[in-house]
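Open the structure in your viewer and keep a selection tool at hand. The tour below says what to select at each stop and what is there.

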Amino acid sequence: MTTLVVLVPVLPLLGALAPLTPLRARGLGLVLAAGGLGGFACAVAAAVHVAGHGTFETGSGFIYVDSLSSFFMLTVALVVVLASVGSIAYLRHEEQHDGLNLLQLRLYAAGFALFGGLMLASLETGNLGLLWVLIEASTLASAVLVGLEGKASSLEAAWKYIIVSSFGVTMALVATLFLYYASSPLALSPNQRLTWPALFLHAGALQHDSLRLAFLLGVIGYGTKVGLAPMHTWLPDAHSEAPSPASAMLSAALLNTGMYAIVRFQAVATPELGRYTNHVLLVFGFASIAIGALFMVRRGNFKRLFAYSSVEHMGIISVALGFGGVLGVYGALLHTLNHAIGKSVLFLTSGEVVQRWRTRDAGRVAGVLTRAPLVGGILLLGSLAILGSPPFGLFLSEFTIVRAGFRGSSWLAFLLLALLVLAFVGFARTTADMATGEPAPVDANAERQSVVAALPLVAGLAALLLLGVWIPGGLNSLIMHSIGAIT
Amino acid sequence: MSLPLAAESLSAASTSGALLDLSAVVMLLAAFACLGSKLFDRYVAYYALQSIVLSFAAGVVAFALHQPDLWALAVLTFLIKGVAIPFATRRFLLDRLELHRDVAISTGLSTSLIIGAFLTAFAYLAIRPHTLPHALVASAVVPLSTAIILLGGLTMVVRRHTIAQLIGWLILENGVFLGAITLTATFPFIVEAGIFLDLVAAVLIMITFVSGLAHRLATATAPELRELRH
Amino acid sequence: MSTGDGLQILQSAVVLVLAPLYAGVLTRAEAIVQSKRGPGVLQPYWDLAKLLRKGSTVSEHASWIFRGAPFVAFACYLTVSTIVPIVTDEPLPLAFLADLIGGAFVLALASFAVSLAALDTASPYGGLGSSRTTWLGSLAEPALILVFFTVAALSQSDNPYLENHAIAHSGAAYVLPTHLLGAVAFFMLVLAENGRIPIDNPSGTIEISMIEESRVLEYSGREYALVKWASWMKLFLLSAIFMNVFVIPWGLGHADTIAGGFLGLATLLGKLAVCGLAIVVIDSSFAKLRFFRIAEFLGASFLLALIGIATSYVIRK
């Protein structure tokens with residue numbers, strides 16, 4: 001099992017060595033995809049192992065895999081697979097059309113591999129300090145990707161990303177320190193005081209005031225990574241300027257690792273702090289949904305639109321955690337998975353649109369359905385999916401969350417519904433306009449749809465459809481065990 | 001654990017406690033000086049001063065609590081934050097881009113200093129000693145490190161130039177580090193080392209970005225970030 | 001006449017007599033540092049003697065304020081000389097007149113009187129000097145009060161003698177950030193109040209850039225002598241307070257015997273030499289600040305004092 005657990009991040013990381021070889025775009029892409037697939041396979045195997053043999057812990061808590069970890073690992077690994085397969089077509093296209101030079105291609109490969117590997121590694125550790133280190137490291141790797149294209153706007157987005165993220169993550173470090181401090185009444189060794197299982201076990205004995213501060217700062221700090229408002233300011237820029245497969249990873253995977261950290265913090269803090277944790281998450285969650293929904297109404301850069309949608313969805317997950325209870329957490333976890341798949345599909349689709357229309361401006365794109373039927377279709381269906389319409393998976397998870405809301409206070413649940421409707425309107429308008437209508441005068445490259453590029457899109461959409469109507473028993477039990485692990 | 005002994009040795013009355021208080025105040029003053037200055041050389045110089053005092057403070061704590069890991073951290077801080085990063089910033093950014101005066105400041109210097117004073121007062125009021133019953137250290141250090149964190153954050157917010165924002169973040173990190181070594185002196189070394197590595201990598205990447213930005217925008221003064229709006 | 005009264009008279013006499021010498025030594029030292037010969041150290045005395053013999057010319061537009069202000073200022077500084085520790089470490093009979101805050105008020109009164117007199121003559125330079133000095137005072141006074149509070153935070157009292165004891169008797173109190181910050185802030189204020197570099201050039205003769213000196217341009221003869229003597233006494237007093245309360249609080253004579261007073265005098269000369277050295281070094285190393293940047297200078301002093309006081313609340317013994 002240790003080998004499996006180690007392989008999950010290492011296989012994608014091996015892709016970082018690819019730039020040292022004389023591989024060109026296609027080769028680099030294939031290496032990344034191979035790493036991603038390998039990592040995913042190992043993650044599945046690890047999840048099966050955990051389901052059968054229970055929590056796996058070694059290295060005095062530095063490696064810790066329970067159901068929650070394996071759930072998130074599966075989600076992130078799935079996104080890595082989708083994004084890396086999408087990278088193949090992306091890299092080839094950029095090389096053919098001289099969008100990126102060889103150095104940039106190699107940087108992309110290295111950055112992508114490091115990014116994916118570090119994210120997966122961060123999900124496997126039980127030491128909260130090491131978790132911080134790895135999340136920050138993955139932020140740095142992704143910053144390289146954001147600024148890859150080297151334009152003034154990309155560098156500016158990358159700068160904003162790295163500075164705001166680092167600021168937020170430093171807050172998370174302070175939170176970790178306070179958590180460490182709050183555990184000083186416990187008679188454990190310094191290492192153990194930082195490991196999640198020990199903290200969770202003794203959660204009732206933690207020092208109250210420091211724990212409050214630790215949780216609040218943790219939500220603010222890791223919330224910056226997740227993109228909760230008002231710490232979301234870097235998100236639209238970074239996600240829109242990055243290459244599309246990287247945007248997919250940023251939106252669907254990195255945000256999830258931040259959310260993972262918040263879930264762990266919440267689990268440790270709730271026994272002592274009670275409803276305080278729920279209130280904090282509700283506040284930030286609703287703020288995010290509101291801001292996401294409001295900003296989605298503007299027409300402009302469609303990748304920014306998707307980014308604001310991510311803010312909104314992370315808000316929904318936070319609200320779900322805030323509602324609490326088995327139903328709330330179930331909804332949160334399910335929504336994490338669905339959103340990850342849906343957002344990856346959307347961003348990869350946007351990559352196709354950008355490559356064909358050579359613009360990120362939604363006003364200049366029209367008639368995608370006519371020009372590139374597959375892409376247009378997936379764009380439309382993907383938008384519907386991400387907005388939570390049945391029969392896709394997000395509908396199910398949002399429904400669960402709303403139900404959980406009604407269990408508690410109904411007017412909050414109504415507020416949630418209202419904001420979701422607002423978001424629907426804003427988002428659907430733009431993508432519908434993009435998909436339909438006369439093809440824009442700016443001539444799109446009349447390329448054939450490559451199978452490799454279409455593969456992740458179709459696969460993702462199919463998965464969403466599947467999850468909308470049926471939750472596999474294995475997945476269900478995994479989620480239920482995860483809920484058990486943190487309550 | 002040896003903690004009860006350690007608690008006495010770092011109270012305000014002991015020599016190490018007094019030294020720690022003094023170092024923390026000097027660091028705070030360096031942060032203010034950075035906030036109140038307009039020349040890039042000064043930013044870097046005050047940051048270097050702050051880091052050197054920080055490494056001294058780490059050494060004091062290491063000595064008082066007999067923690068060998070902290071010695072290593074003190075040396076690391078001195079070398080990396082006190083010497084390497086200021087040198088790298090000077091050489092690769094200031095000299096190459098020939099930056100001297102910072103004109104990208106949102107509010108006036110006096111206003112930012114006043115806000116900084118308010119933030120310091122807030123830090124003092126918010127971190128009451130009673131919230132930290134197991135204080136390992138001289139009780140002034142925690143509010144002071146909070147104040148340094150707030151001042152670093154203020155610098156990042158008020159300055160629009162990327163290098164000033166970078167220095168602001170570095171000051172913030174110094175504040176966090178001061179709080180870390182004094183509040184939780186027994187923080188696992190491997191994690192501290194990891195934090196250091198992250199810091200170095202972040203600074204390197206930031207330096208690269210700033211050079212790239214300056215290249216792209218090709219303005220003599222700083223890259224003012226205006227491209228992406230709303 | 002008891003010992004106390006004797007020491008009281010000695011103290012005021014010391015201030016009166018030695019203030020011109022102090023100013024003379026400073027001028028000479030600065031000149032030497034700048035590789036010039038400079039006037040003799042006793043020059044201020046010759047100046048005073050000369051001026052006291054001369055008659056004074058008074059403008060037709062001036063009123064009794066103009067004629068009375070030099071006396072008011074002189075009297076104020078003489079008063080302050082009785083209430084601060086100069087040669088002894090115990091309060092002398094007249095020390096009940098005011099504490100440090102009261103002393104600050106009296107100093108402000110002196111400056112106010114001279115500013116009024118400058119306006120009185122309707123001379124443009126007088127008005128210029130008055131407005132500048134008042135602006136400077138409005139920034140410096142809060143800082144001054146705060147600085148006194150920093151030491152008060154250490155000694156729980158406003159009395160300069162008690163403050164002196166608190167610092168002299170406790171090594172730990174000396175190295176507290178509160179004390180050190182207060183000392184630096186007070187030194188900055190000493191420079192500001194006396195019109196030294198970097199606030200104003202004491203040896204400058206360009207009227208348009210003068211701050212304090214231009215207030216007294218209209219004076220001549222006896223009143224001019226008093227005004228100059230008063231400003232020397234101000235420098236002497238503030239330097240003495242700085243050294244005796246903040247930097248070197250030891251070495252003051254006991255208030256039992258007159259001999260103690262003379263001992264205090266001897267150490268005072270040494271301390272003033274140190275202070276004078278610091279002033280001369282700063283005068284020769286820095287340039288005068290641009291006028292509106294003086295606000296930043298005084299703001300920095302204010303800030304240091306503020307941090308000092310705040311730190312005293314969080315440092316628990």
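**Stop one: a helix pair in chain A**

Select helix 3 (residues 67–96) and helix 11 (residues 244–273) of chain A, which pack at an angle of about 170 degrees with their axes 8 Å apart. Axes here are lines fitted to C-alpha atoms, for helices over the stretch in contact, and angles run from 0 to 180 degrees between N-to-C directions. Helix 3 and helix 11 of chain A are therefore roughly antiparallel to each other (angles under 35 degrees count as roughly parallel, over 145 as roughly antiparallel, 65 to 115 as roughly perpendicular and the rest as oblique). Helices (H or I, at least four residues) and strands (E, at least two) are DSSP runs, numbered from the N terminus.

This is a predicted model, in which local features need pLDDT of at least 70 and side-chain atom pairs count only at pLDDT 80 or more, while totals for chains, interfaces and linings use all residues. Residues are numbered from 1 along each chain as its sequence is written, and chains are lettered from A and ligands numbered from 1 in the order in which they are written.

Now show the side chains where the two helices meet. Among the residues on the helix 3 side are L68(A), F72(A), V79(A) and Y90(A), and the helix 11 side includes P245(A), M249(A), N256(A) and V263(A). Two residues are in contact if their C-beta atoms, placed from the backbone, lie within 7 Å. By class, the contact of helix 3 with helix 11 of chain A has 15 nonpolar, six polar and no charged residues. Ala, Val, Leu, Ile, Met, Phe, Trp, Tyr, Cys and Pro count as nonpolar, Asp, Glu, Lys and Arg as charged, and the others, Gly among them, as polar.

**Stop two: the whole of chain A**

Zoom out to chain A, with its 20 helices and two strands. The C-alpha trace of chain A spans about 70 × 55 × 45 Å along its principal axes. Of its 487 residues, 65% count as buried (20 or more other C-beta atoms within 10 Å of a residue's own; 12 or fewer make it exposed, and in between it is partly exposed; C-beta atoms are placed from the backbone).

**Stop three: the core**

Select A77(A), V79(A), M249(A) and L28(B), the residues with the most contacts inside the largest nonpolar core, which has 374 residues. Such a core is a set of buried Ala, Val, Leu, Ile, Met, Phe, Trp, Tyr and Cys residues joined through C-beta atoms within 7 Å. Helix 6 (residues 152–182) of chain A gives the most to this core, with 21 residues. Leaving aside neighbours within four places in sequence, L28(B) is in contact with L144(B), A147(B), I148(B) and I307(C).

**Stop four: where chain A touches chain B**

Show chains A and B together: the contact takes 34 residues from chain A and 33 residues from chain B. On the chain A side, the largest share, 18 residues, comes from helix 6. The residues of that side divide into 21 nonpolar, eight polar and five charged.

**Stop five: chain C**

Turn to chains C and B, where the contact takes 16 residues from chain C and 19 residues from chain B. Helix 11 of chain C supplies the largest share of the chain C side, ten residues.

Finish at I199(C), in the loop between helix 8 (177–193) and helix 9 (221–247) of chain C. Is I199(C) buried or exposed? I199(C) is buried, with 22 other C-beta atoms within 10 Å. Beyond its neighbours within four places in sequence, I199(C) is in contact with L191(C), A192(C), I211(C), L289(C) and I294(C).
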